[in-house]
Amino acid sequence: MKKEILIGLLVILPSIIAIAIFVYGFIFWTVRVSTSNWNSFSSLLRGEYHFVGLRNYKRLFQDDRFIKDLWNTLFFTLFFLIGSMSIGLLLAVLVDKGLKGSQFFQNIYLFPMAISFVVTGTVWRWIFAPGIIPSDPQGVNLLLKKMGLDHLMWGWYTSTEHIGPFNLALIPVIIAAVWQMSGYTMAMYLAGLRGIPVDIEEAAKVDGASDWQVFWRIKFPLLKPITLSAMIILGHISLKIFDLVFAMTGSGPGFVTDMPSIYMFELTFRSNRYARGSAISIIMLLMVAVVIVPYLVSSMKEEVRR
Amino acid sequence: MRKFLTVLLVGVFFFAGALWAKENALEIFSWWTGGGEEEGLMALFDLFHKYYPDVKIINAAVAGGAGTNAKAVLKTRMLGGNPPDSFQVHAGMELIDTYVIPGMMEPVTWILKDMNALDKFPKAILDMCSYKGEVYSIPVNVHRANVVFYNKKIAAQIGMEQPPQTWHGFVEYLKRAKEKGYVGLALGDKNKWTALHLFESLMLAELGPDAYNGLWKGKTSFNNTAIKRALEIMKEMLDYINSDHAAMTWQDAVRLVYEGKALATVMGDWAEGYLKTLGWTPGVEFGWFALPGTQDAFMVVSDTFGLPKGAPHRQNAIRWLKLIASREAQDVFNPIKGSIPARLDADKSKYDVYLRWSMNDFATKKLTPSIIHGSAAPESFSAALMDAIDEFVTTRDVDKTFKKILMIAEDNDYNVK
């Protein structure tokens, strides 16, 4: 028994060391940088460490752009989750019905996932490029014009309109993200649906349950773990989204589509304010941790129970 | 087995690395990867091979607009003690603040002295590359930032026969273009920097070249009504831009001019190269003029090459720097890249009509450093100002933006009295 444990430990030792250095070591290092005064290349080069406490964090929360970023992340995450999961579930149910050609569509829906966010972003940037309204529209606006729906032409992601703190320019970005990830959500739900034993469904039907009741009373509750996993996976993608937004809109006019990750990138690599950038990355880490850690804890408890 | 292969691969890698360093090589780092830039660089390499056939040139170019990615890679390499033999850097603070002050560069004044070339460059441009009396990099090419390019066909339609000399004249034409259903001024600020590109030229117009240059030496205060006026002019100008500016890049904006949808655009003269690749001939389909108010100034964007301390092939790097400082190399590179040489004694017959105009102005007008292109101020200043101006394009709030500019200047220890 003891020998087994020893061998087991030996086998995973390299990964433990690698993770300790490259994950936790670097997280610790980022925390250290975020409490330093390294806000220019020359101070970084000198390498003298001046502890400034939480000053970098304080400055961030006084920064209009960062506050906007936080709101944007909140709304983006919210609508992205709702969109991907409802469309994913709907598609999964449709495909699961086993209608003619469902195999074909199942693949079609999954395809967007195989594309990188950069490609998605670039293509949707073209699609939603507003052109010059009303004389020379492009993309979706051109389509609307051809259909005679001129009044629906809109600035899309170049719009600076907002409802409260929700910037409407985020809508096209959310559409692009949902387009990309709802197929993946469908695949997860589909796996879940197919894992539900047929006899349960049949038993319910024998008892006189309608299709609707079978779905909401039996299948949907059984899909709960899938829903939770989907929320976690999509949630952490959207909290740290960078590539899609960067390729599609950048930070937008007046930062309407800005995200913390973009601000972090610009602070760190474009203006050499390393400490400030590190502070953003730590805040992002905390945001993701808030989502992930409860999930990990609960799933670990479940495993122990088993 | 797999592990063994990995070990083997790593071993080979290190071995090759060791060999590489010993080889008679020259590693040149740049962000010239597209269009005429890359061809120009290759022409320089060919010229280098003509003189030094044994030297193997390693082209360490990193792609990405205006070198933003390359700069990050370069910083990592310099920090890690693995500098290339010579690297491209914009003249000015991008070089001085980032690398010279921390002591990572070798002075190259002696190379220019050896070649008797110190007086072949304009003094102002060598000053931009200098720190405490020593020159630290050799300028290869010069672009001008304060230029307006316009569609001649539309100009004829709205009766613009002569380029406007004053701000009001320019606005008058913008107004007429708008009335005819054209976009007055094409702007593509998806990547944000183009808005500051426009604004810095307006600042130059309102301050005048001397006061503008004084900003960076602490002689002129940022707390200056001229800067506020520049914001007001910018606000007026924004009434004539394309509504979808936030969806476009500078190339898209130039295309608006090319496609006959917009009268003009304010852009550095790399736009001239772009219009030429689209098939236009300078002076025939498109015209140009210095942004009104900046006729007596030349906003410089200059690429230079420096000599980092600890360059692995120092001897070859010096040969490279000597080569690019020569008239021959500058005349090989610049006509291809679509820029003008930093030397004043170039062979004008090799350049097109626009570049000859630019060369003339370069030799006679006051040279001023660009903010957004890294010459005037450290990156922390230009990045913060870029954000402020980007917001201004949306809010158009002159007072708030002016206050923000003062704050940014104060943060970077400039004069705000």
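This is a predicted model: local features need pLDDT of at least 70, side-chain atom pairs count only at pLDDT 80 or more; totals for chains, interfaces and linings use all residues.
Visitor: Is Ser84(A) buried or exposed?
Guide: Let's start by placing Ser84(A): it sits in helix 4 of chain A, residues 64-96. The cut-off for being buried is 20 or more other C-beta atoms within 10 Å. Ser84(A) has 27 of them within 10 Å, so it counts as buried.

Visitor: Which residues is Ser84(A) in contact with, leaving aside its neighbours within four places in sequence?
Guide: Contact here asks for C-beta atoms within 7 Å. With the neighbours within four places set aside, the list for Ser84(A) reads Val178(A), Met181(A), Ser182(A), Thr185(A) and Leu234(A).

Visitor: And what separates the C-alpha atoms of Ser84(A) and Asn56(A)?
Guide: Along the chain, these two are 28 residues apart.

Visitor: Let's hop to chain B. Which strands are at the edges of the open sheet there?
Guide: The sheet has four strands, in the order 9-10-8-11, with mixed pairing.

Visitor: What is the bridge partner of Tyr150(B) in strand 10 of chain B?
Guide: Strand 8 of chain B covers residues 147-151, and strand 10 of chain B covers residues 262-267. The two pair in the antiparallel sense over four bridges. In strand 10 of chain B, the partner of Tyr150(B) is Ala264(B).

Visitor: How far apart are the C-alpha centres of the two domains of chain B?
Guide: Domain 1 of chain B takes in 20-143 + 301-369, while domain 2 takes in 147-299 + 371-411. Between the C-alpha centres of these two domains, the distance is 27 Å.

Visitor: Which element gives the largest share of the side of domain 1 of chain B that touches domain 2 of chain B?
Guide: Across this boundary, 24 residues of domain 1 of chain B are in contact with 27 residues of domain 2 of chain B. The elements giving two or more residues to the domain 1 side are helix 2, helix 4, helix 16 and strand 14 of chain B. The largest share, five residues, belongs to helix 16 of chain B.

How values were computed:
Residues are numbered from 1 along each chain as its sequence is written. Chains are lettered from A and ligands numbered from 1 in the order in which they are written. Two strands pair if DSSP finds at least two bridges between them. A residue is buried if 20 or more other C-beta atoms lie within 10 Å of its own, exposed if 12 or fewer, and partly exposed in between; C-beta atoms are placed from the backbone. Two residues are in contact if their C-beta atoms, placed from the backbone, lie within 7 Å. Domain bounds come from an automatic or database domain assignment.
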